[in-house]
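Reader: Please take one part of this model and go through it closely. I would like the nonpolar core, and the chains around it.

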Amino acid sequence: MNVPVEFYLVLSGIVFLIGLVGVLVRRNIIIILLSIELMLNATNINFVAFSSYLGNLAGQVFVFFALTVAAAEVAVGLAIIIALYRHHESINVDDFSLLKW
Amino acid sequence: METLIFFYFAGVILLTATLVVALRNPIYSALSLLVMFFHVAGLYVMLHAEFLAAIQIIVYAGAILVLYLFVVMLLNIKREERFSKQGGVALFLGIVLLAEAVILGISRGIFVGPAHVPPQGEQETSVGNTESIGEILYSTYLFPFEIASLILLVAMIGAVILTKKGILESKSP
């Protein structure tokens, strides 16, 4: 194992940043959900890297739970998108300002 | 050699992650996310997490991404979305935060040398990865495991209720 753990941390940090920029910049709800998946994957890489380098399996178990939550999030998020599209005929977040002051 | 493989995986992951955010067509974004999931699975294999690599491909690439593609095809999007128009504020905040991070990093000495991680304990190579994860999952983490199944149940019911016809329209007959 001659790849230092910092490489994995830097990689996951950059992927997390790309996902964050995607959430903030894009206006399409589907792309925003895809960017959230990017951020979840970045944290998973972090978990697995530390779990492997510290010899502790708890990190991999938590990746398992994060995967479960990601699956639930996708199911509910896509259901919300379909309901919104049926109501507004749009998936642009600028069109949804019902809760804005 | 191992470093070379890592850099291949990291390069493809960074490229496809950027493409997910940058491409205009949501179908292309979802497909590049698929490539990224496969390479993350390869990274897991490098880290001796074979069970998670298999789960990553089965759940993420097999289930979640198919759901995304299904919804993208279902909605028939007309590609009229644009980027948000807060570029000036975003640039200012980004520069401030980046300067803050660099100053903090220099003052704490992060960029001087790599932190030393003590390699305490080795991977259990006598037992397989899947077997040891199963043992720890069903003994130490049994209660969170049950809660995870409950979350999946709630998400399933929520998805069914939300997509039922007449939920949002019921107030205005």
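Author: Start with chain A. Of its contacts with a separation of 6 or more, 43% join residues 24 or more positions apart. (A contact means C-beta atoms, placed from the backbone, within 7 Å.) This is a predicted model: local features need pLDDT of at least 70, side-chain atom pairs count only at pLDDT 80 or more, and totals for chains, interfaces and linings use all residues. Residues are numbered from 1 along each chain as its sequence is written, while chains are lettered from A and ligands numbered from 1 in the order in which they are written.

Chain A has three helices and zero strands. (Helices are DSSP runs of H or I, at least four residues; strands are runs of E, at least two; numbering starts at the N terminus.) Its radius of gyration, taken over C-alpha atoms, is 17 Å; the globule rule gives 13 Å for 101 residues, so chain A is more spread out than a compact globule. That rule is 2.2 Å times the number of residues to the power 0.38. Buried residues make up 42% of chain A. (Buried: 20 or more other C-beta atoms within 10 Å of the residue's own; exposed: 12 or fewer; partly exposed: in between; C-beta atoms are placed from the backbone.)

Now the interface. 54 residues of chain A touch 60 residues of chain B. On chain A, α1 (5-25), α2 (29-54) and α3 (58-88) each give two or more residues. The largest share, 21 residues, comes from α3(A). By class, this side has 39 nonpolar, 11 polar and four charged residues. (Nonpolar: Ala, Val, Leu, Ile, Met, Phe, Trp, Tyr, Cys and Pro; charged: Asp, Glu, Lys and Arg; polar: the others, Gly among them.)

Next, the core. The largest one has 54 residues, and those with the most contacts inside it include A:Ile30, A:Leu34 and B:Tyr44. (A nonpolar core is a set of buried Ala, Val, Leu, Ile, Met, Phe, Trp, Tyr and Cys residues joined through C-beta atoms within 7 Å.) Among the helices that each supply at least two residues are α2 of chain A and α6 (142-162) of chain B. The largest share, 12 residues, comes from α2(A). Domain 1 (1-78) and domain 2 (129-164) of chain B both contribute, so the core lies between them. These bounds come from an automatic or database domain assignment.

Finally, zoom in on A:Ile30. Beyond its neighbours within four places in sequence, A:Ile30 contacts A:Ile81, A:Ile91, B:Pro26, B:Tyr68, B:Val71 and B:Val72.

Technical notes. Two residues are in contact if their C-beta atoms, placed from the backbone, lie within 7 Å.
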